Amino acid sequence: MAKVLVVTSGKGGVGKTTSTAALGAALAQSGQNVAVVDFDVGLRNLDLVMGAERRVVFDLINVVQGVAKLPQALIRDKRLENLWLLPASQTRDKDALTDEGVGRVIAELRSRFDWILCDSPAGIERGATLAMRYADEAVIVTNPEVSSVRDSDRIIGMLDSKTVRAERGERVEKHILITRYDPARAARGEMLNIDDILEILATPLLGIIPESQDVLKASNVGTPVTLNNAESAPARAYTDASRRLMGEEVAMVVPAERKGFMDRLLGRRAA
Amino acid sequence: MNVRADPTRQLVRLRGRSYVAFVFSPVVPIVEWLAEIDATLARSPGYFVGKPIVLDLASVDLSSAAIAHLLGSLTERGIRVLGIEGVDEERLAANMPPLLTGGRACVITRSEPVQKVEPEAKPKPTSLLLDSPVRSGQSIVFMEGDVTVLGSVGSGAEIVAGGSIHIYGTLRGRAMAGVNGNSNARIYCQKIEAELLAIDGYYQTAEEIDVSLRNRPAQAWLQGDTMKITPLN
């Protein structure tokens, strides 16, 4: 059974696109057939993060409007043959998306793939609501700060009311993915702690992705972080999260501050 | 694999059971009487469905053929007759319902048509129960009475109630109780981090709520024109 998963957040800049690419690549690495779909019409980014920006011919809008067929618009990843991208249009805007057209494209994707990851635009308008419309599951990307948490709460409310599943009286399975978690700042009490976030959102945790230069480096070379440096801390956290999505039990690791030799020496002296 | 069936004797068990049957007492002219039945059926179709019907022919003198015709007319209307009373047995053919005797009159409680004639207005619920968290951006408005929330009320969410508001989680959003002018309404919550509390139009914002109350179980009520917020227990 194909699963449609929306990666959403409400707030911008929290890491939806990075997470979509990283989770999509991790799922594909474990043998699943994966399509990542960019719903951010007009401000597309997923093609850049996936390193496919030079190969875009047709896009989601073309398929929704029936100008192109789905296989013409899908771009196969250069590194993983079971990972595909359906890019967004950069020249159009979100009004070009129709509920009925998106439903048709998602239904067709369901027949071809195991996982369909929809990268939602920020906001709560048409693009975001259509990205979540047909979802079976949702990953809510949240940064450990109050504004992001409140926006996530809002998005969870919409997932519970505006999706096809909700309208049928079913549930969209929801997961919280905490990104840009900085252990040093957490230790100093400068960020919301994880228990508080989960208490506010009352939704299970999928994973905690540490703030890392590796994420930026991977984006700059157009490679999902899970493929760029699989041993880096964020890559391992994303891979664990993807295994949890597939139903595996993986122990949750809260990123801890790595102290250097000098820090430890100084820490001890001060104690 | 050697199964031997014991020749057990199957007992025929006879049990008594009584039903209240409708008794039809046709009068001449039969055609007009049938028209009366049709009128009843037009008012409440299916009124006789599943009800045992007995035909009392004591007040009419019908031949065997006339009885057969009457039974046919009733069958056409979807009415099946259980038994016949008040007639000589010779006049009943073998394919007709049996002759019944010893029936006793009783009062039929006509519950069904009464309901249909004046449908009793269901009393509107006077409380609303929400068993999932109220998320940011959601607005719950219930003017008819109390609202109970089993989860938390998120920052940026609001509950508007004609009566009191009970929150068994953390109240981080707004709660407005007694909006119809009910100054006796109160707001209760397990943990208070509210953005705004209001009762009957009197309100306090987060700024004005005493810091010492934060994160504690609390209730808010009106004392005259002032809102009081005190810890619970």
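## Strand pairing in chain B

Strands β5 (residues 139-142) and β7 (residues 158-161) of chain B pair in the parallel sense over 4 bridges. Pairing requires at least two DSSP bridges between two strands; strands are DSSP runs of E, at least two residues, and helices runs of H or I, at least four, numbered from the N terminus. B:F142 stands opposite B:A161 in β7(B).

Side chains alternate along β5(B). Buried means under 20% relative accessible area (1.4 Å probe, protein chains only).

## Basis of the model

This is a predicted model: local features need pLDDT of at least 70, side-chain atom pairs count only at pLDDT 80 or more, and totals for chains, interfaces and linings use all residues. Residues are numbered from 1 along each chain as its sequence is written, chains are lettered from A in the order written, and side-chain values use heavy atoms, without hydrogens and water.

## Nonpolar cores

The largest nonpolar core holds 46 residues. Such a core joins buried Ala, Val, Leu, Ile, Met, Phe, Trp, Tyr and Cys residues through side-chain atoms within 4.5 Å. A:F39, A:L86, A:L97 and A:L109 touch the most other members. Helix α7 (residues 146-159) of chain A gives the most to this core, with 5 residues. Apart from it lies another core, of 33 residues, among them A:V14 and A:L206.

## Aromatic pair

B:F24 and B:W33 form an edge-to-face aromatic pair, 5.7 Å centre to centre, with 75 degrees between the planes. Ring centres must lie within 6.5 Å, and planes over 60 degrees apart count as edge-to-face. B:F24 is buried at 6% relative accessibility, and B:W33 is buried at 12%.

Notes: Buried < 20%, exposed > 50% of the residue type's maximum accessible area, 1.4 Å probe, protein only. Phe/Tyr/Trp six-rings, centres within 6.5 Å; stacked < 30°, edge-to-face > 60°.
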